[in-house]
Structure formats: structure tokens, C-alpha cells
Amino acid sequence: MPSELADGVGYLLARAGGQAIRELNRGLAPLGMRARHHSVLTVAADAGGRSQRELGELLGIDPSAVVALVDDLERDGLVRRDPHPVDRRTRLVVATDAGRERLARTRELARAVDDELLAEFTEPEREAVLRLLRRIAAD
């Protein structure tokens, strides 16, 4: 690998992220899901649901992609669109009981992928990687 790439933070983060996403997608495939579905389901299960706009902003996903992801999850009975308690024009994406059950399985898969990716690291190194990535990813 050229040293310019080997020293490029963006390149290395993208490469590591790509590897993590590919592995998670492989694990989720038998469940008919991908990493983005897992992310949307995770947020939908948190705090009583979110609007599609909020999902897109929080996850950094284009609004049209959010609609397709929510449609997939709704079709599988994992989320529902509930009326917003204040804004009649907005629907909240909320995890169903089946969605919460599925989320428990996908969380296990995600943890297994994380464990595999960080297998070479000591516990203090793992904590440092997470701390630093959170700083980079903070908005």
C-alpha cells in the first residue's frame, strides 16, 4: 500500500468501516437485513421512536434511503409508523415487539463482528479505539 494511503486517516477509517459493514452485512443476510436496517431498527427502538427525518439526520442517511429502509422494516413487521403526538403531519417510526426481538439478535451479531475486528487488541486498546472514534464521529 502506498505510504500516502497508509498514513491517510480518511482512507484508513473508510477501509476499516467498509470491513466492519461487510462483515455485519454477512451476518445479517440470513435475517434478510443489512447494517443500515440494524441501525434504523436500533434508533426506532430507542426513546419511543423517531421521525424519518430524525432517523436520517441521526444516522447520516439520505431521506429517500430512510424511506426505503423503513418500508423494508415495516413490511417485515419490525417497525410501524405511529402518529406524532404533536405534529399531525409527522409519523414516528417505532419498533414493534417483533422488531425488538430481532434487534436482540442483530445486536449479538454486531457485537460478534466488533469482537472479531478488535480481536488483536487488549481491553485498554479497545476502549481507546472506541473513545477516539466517538470523538471523530461526534457532530
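Axes here are lines fitted to C-alpha atoms, for helices over the stretch in contact, and angles run from 0 to 180 degrees between N-to-C directions. Helices (H or I, at least four residues) and strands (E, at least two) are DSSP runs, numbered from the N terminus. The model is predicted: local features need pLDDT of at least 70, side-chain atom pairs count only at pLDDT 80 or more, and totals for chains, interfaces and linings use all residues. Residues are numbered from 1 along each chain as its sequence is written, and side-chain values use heavy atoms, leaving out hydrogens and water.

**Exercise 1.** Describe how α4 packs on α5.

*Solution.* Step one: locate the helices. Helix α4 covers residues 52–59, and helix α5 covers residues 63–75. Step two: take the geometry. The angle is about 115 degrees, and the axes lie 9 Å apart. That makes α4 roughly perpendicular to α5 (under 35 degrees is roughly parallel, over 145 roughly antiparallel, 65 to 115 roughly perpendicular, the rest oblique). Step three: list the contacts (heavy atoms within 4.5 Å). Gln52, Leu55 and Gly56 of α4 meet Val66, Val67 and Val70 of α5. Step four: sort these residues. The contact has 4 nonpolar, 2 polar and no charged residues (Ala, Val, Leu, Ile, Met, Phe, Trp, Tyr, Cys and Pro are nonpolar; Asp, Glu, Lys and Arg are charged; the others, Gly among them, are polar).

**Exercise 2.** Find which strands are joined to β3 and how they run.

*Solution.* Start with β1, residues 50–51. It has 2 bridges to β3 and runs antiparallel to it (strands pair if DSSP finds at least two bridges between them). Serine 51 stands opposite leucine 92 in β3. Next comes β2, residues 79–83. It has 5 bridges to β3, again antiparallel. Arginine 81 stands opposite valine 93 in β3. Finally, check the cover of β3, residues 91–95: 4 of its 5 residues are buried (under 20% relative accessible area; exposed is over 50%, partly exposed in between; 1.4 Å probe, protein chains only).

**Exercise 3.** Is serine 64 buried or exposed?

*Solution.* Serine 64 sits in helix α5. Its relative accessibility is 52%, so serine 64 counts as exposed.
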